[in-house]
Amino acid sequence: MDGINNTNVPDFILMGLTDSEEIRLVLFGLFVLIYMITVLGNTGMIIVIRLDLRLHTPMYFFLSHLSFLDVSYSTVITPKTLENLVTSTKYISFGGCFTQMYFFVFLGATECFLLSSMAYDRYVAICNPLQYPVVMSMTLCRSLVTVSYVIGFSDSFVNVLCMNSLHFCKSNVIHHFFCDTTPVLALSCTDTHDIEIMIFIVAGSTLVVSLITISVSYMFILTTILKINSTSGKRKAFSTCASHLLGVTIFYGTMIFTYLKPSKSYSLGKDQVASVFYTIVIPMLNPLIYSLRNKEVKNALVRVMQKREHIRHLR
């Protein structure tokens with residue numbers, strides 16, 4: 001990051017969520033619990049998918065990568081947030097701030113296109129079930145995941161490259177609990193108009209393109225489901241994509257609320273609540289959504305536990 005020389009600010013101060021010590025302690029306990037559930041839930045999902053052969057399908061291949069992104073996404077933000085909740089010094093180095101921002105954008109953009117890939121997978125499964133094993137080959141699945149990571153890397157690289165061209169010579173206080181783009185832009189003592197437009201275009205394109213892909217996929221899915229005559233058939237078809245649709249709604253709802261609007265309409269309170277939701281809460285919710293509503297995952301977990309118990313008895 002050569003751009004770090006373009007500043008007189010050696011580090012930043014993260015103001016966090018509140019000045020109240022009592023509320024900070026409550027939030028610390030809550031976030032620790034959420035983070036533990038996030039790590040255990042997502043790593044548990046990855047382990048179960050890897051150990052159970054019946055889950056070696058395209059849908060669960062994508063789901064294992066979603067779990068990896070969620071635990072990584074939460075780890076980029078939560079530990080530093082927890083540290084700042086219990087310490088009086090809330091400093092983050094300039095390089096540390098931009099590193100956090102890079103991985104935050106990288107993982108978020110990657111998740112957008114991974115969710116698009118999962119929507120396409122559901123489209124093929126419901127609309128072309130006979131062709132599903134041929135169309136959704138492991139080669140295609142790996143390609144879709146690779147493309148998701150490449151797009152995420154590209155988006156993040158452009159974002160941090162733009163931010164690194166700024167000069168920071170005024171306040172070093174970030175009115176947020178992590179290094180997000182909008183609060184950091186507000187600290188620049190140079191004109192940020194062109195950079196804001198560039199970041200808006202890149203972030204907006206990522207959200208819009210992935211959302212269009214998901215919307216079109218679900219339009220075809222809905223059309224196919226409505227053509228099914230039996231009520232049980234409709235229920236079964238919808239149940240295969242209900243978890244993904246719920247996860248997509250929560251993720252994109254908070255992202256659009258926070259980012260697809262002018263920077264002048266940035267609201268510290270409302271945007272911080274939304275940020276807490278998609279950086280800390282959603283990574284915890286995803287394994288719950290995909291496991292509690294999914295009999296295959298529940299049955300796989302039982303089989304893995306039984307197999308482990310059997311191996312232990314043999315020893």
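**Helix H7**

I started with helix H7, which covers residues 193-227 and has 35 residues. In this predicted model, local features need pLDDT of at least 70, side-chain atom pairs count only at pLDDT 80 or more, and totals for chains, interfaces and linings use all residues. Residues are numbered from 1 along each chain as its sequence is written, and side-chain values use heavy atoms, with hydrogens and water left out.

From its first C-alpha to its last, H7 reaches 50 Å, close to the 51 Å expected at 1.5 Å a residue (the expected span is 1.5 Å times one less than the number of residues).

Next I found an open sheet of 3 strands, in the order E2-E1-E3, with mixed pairing. Its edge strands are E2 (91-93) and E3 (173-174), each pairing on one side only. Strands pair if DSSP finds at least two bridges between them. E1 (residues 11-14) and E2 pair in the antiparallel sense over 3 bridges. I traced one partner: Asp11 is bridged to Ser93 in E2.

**The whole chain**

I counted 10 helices and 3 strands in the chain; these are DSSP runs numbered from the N terminus, with helices (H or I) of at least four residues and strands (E) of at least two. From the N terminus on, my list of elements reads β-α-α-β-α-α-α-β-α-α-α-α-α. Last, I noted that buried residues make up 47% of the 315 residues in the chain.

How values were computed
Buried < 20%, exposed > 50% of the residue type's maximum accessible area, 1.4 Å probe, protein only.
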